[in-house]
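Please look at the sequence and the model together while reading.

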Amino acid sequence: MKVYNFESDLNLTPENSDEQYMREALKLAEQAFRENEVPIGAIIVANGKIIGKGYNLTERLNDVTAHAEMQAFTAAANFLGGKYLKDCTLYVTIEPCVMCAGASYWTQISRIVYGAKDEKRGYSAIHDKIIHPKTEIKSGVLEEDCANLVKSFFRNKR
Ligand SMILES: [Zn+2]
């Protein structure tokens with residue numbers, strides 16, 4: 001099983017980079033979709049380089065903690081050889097849940113960019129202060145694409 005890999009240096013300008021990186025996270029969400037996992041994808045970027053990737057693997061691993069963000073945090077920490085993700089940005093297609101937001105607190109990550117809000121299980125609906133005070137949040141990047149993937153996944157389930 002290959003979960004972690006670290007290829008690709010996208011050559012991006014600062015103006016479009018959030019959308020471009022979100023597209024990379026969306027590709028991972030689509031991969032999850034193909035594997036019949038709830039389609040959420042995440043990447044972590046440091047200095048313009050993707051240093052961690054993940055997508056939801058809760059079915060494959062029989063592990064409710066195997067969210068995309070958790071995979072990406074672990075991969076990025078392994079890559080950096082340290083647990084703190086300062087000067088890193090997490091891109092995730094759907095707003096993190098409280099577990100992942102809580103994990104992000106411990107990483108002290110600099111920035112979180114997410115696509116669509118999760119009205120029910122997103123951290124902000126439950127406990128806004130769970131995010132580290134140093135972490136900057138941006139939402140709504142490729143929001144529709146990110147949300148539609150999850151919607152069509154659950155539509156197919158019915
Ligand atoms: Zn989560």
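**Basis of the model**

This is a predicted model, in which local features need pLDDT of at least 70 and side-chain atom pairs count only at pLDDT 80 or more, while totals for chains, interfaces and linings use all residues. Residues are numbered from 1 along each chain as its sequence is written.

**Overall fold**

The protein contains five helices and five strands, and from the N terminus on they follow the order α-β-β-α-β-α-β-α-β-α. Here helices (H or I, at least four residues) and strands (E, at least two) are DSSP runs, numbered from the N terminus. Of the 158 residues in the protein, 38% are buried. A residue is called buried if 20 or more other C-beta atoms lie within 10 Å of its own, exposed if 12 or fewer do, and partly exposed in between, with C-beta atoms placed from the backbone. Two residues are in contact if their C-beta atoms, placed from the backbone, lie within 7 Å. Among contacts between residues at least 6 apart in sequence, 59% join residues at least 24 apart.

**Helix α2 and the annotated sites**

Helix α2 covers residues 68–80, which makes 13 residues. From its first C-alpha to its last it reaches 18 Å, close to the 18 Å expected, where the expected span is 1.5 Å times one less than the number of residues. Its buried residues include Met 70, Phe 73 and Ala 76, and the buried residues of α2 pack against α1 (17–34), β1 (41–46), β2 (49–55), β3 (88–94) and α3 (98–107). The helix is followed by Gly 81, whose phi is positive, near 70°.

An unreviewed UniProt entry places the feature "active site" at Glu 69, a residue of helix α2. UniProt positions are given in the numbering used here, feature names are shortened, and annotations may be inferred rather than shown by experiment. Glu 69 counts as buried because 31 other C-beta atoms lie within 10 Å. Leaving aside neighbours within four places in sequence, the contacts of Glu 69 include Ala 42, Val 92 and Cys 100.

For "binding site", UniProt (unreviewed entry) lists His 67, Cys 97 and Cys 100. These residues are spread over 34 residues of sequence, yet they cluster in space, with a largest C-alpha distance of 9.2 Å. His 67 is in the loop between β2 and α2, and Cys 97 is in the loop between β3 and α3. Leaving aside neighbours within four places in sequence, His 67 is in contact with Asn 56, Cys 97, Met 99 and Cys 100.

| Residue | Other C-beta atoms within 10 Å | Class |
|---|---|---|
| His 67 | 25 C-beta atoms | buried |
| Glu 69 | 31 C-beta atoms | buried |
| Cys 97 | 20 C-beta atoms | buried |
| Asn 47 | 8 C-beta atoms | exposed |

**The nonpolar core**

In soluble globular proteins, nonpolar side chains tend to be buried together. The largest nonpolar core of this model has 43 residues, and among those with the most contacts inside it are Ala 29, Ile 43, Ala 72 and Tyr 91. Such a core is a set of buried Ala, Val, Leu, Ile, Met, Phe, Trp, Tyr and Cys residues joined through C-beta atoms within 7 Å. Helix α1 gives the most to this core, with eight residues. Leaving aside neighbours within four places in sequence, Ala 29 has contacts that include Gly 41, Tyr 55 and Leu 149.

**Strand β1 and its partners**

Strand β1 is mostly covered, as five of its six residues are buried. Two strands pair if DSSP finds at least two bridges between them. Six bridges join β1 to β2, and these strands run antiparallel; Gly 41 has Tyr 55 in β2 as its bridge partner. Five bridges join β1 to β3, also antiparallel, and Ile 43 stands opposite Tyr 91 in β3.

**Two asparagines with positive phi**

β1 and β2 form a hairpin with two residues between them, and Asn 47 in the turn has a positive phi of about 50°. Asn 36, in the loop between α1 and β1, has a positive phi of about 65° although it is not a glycine.
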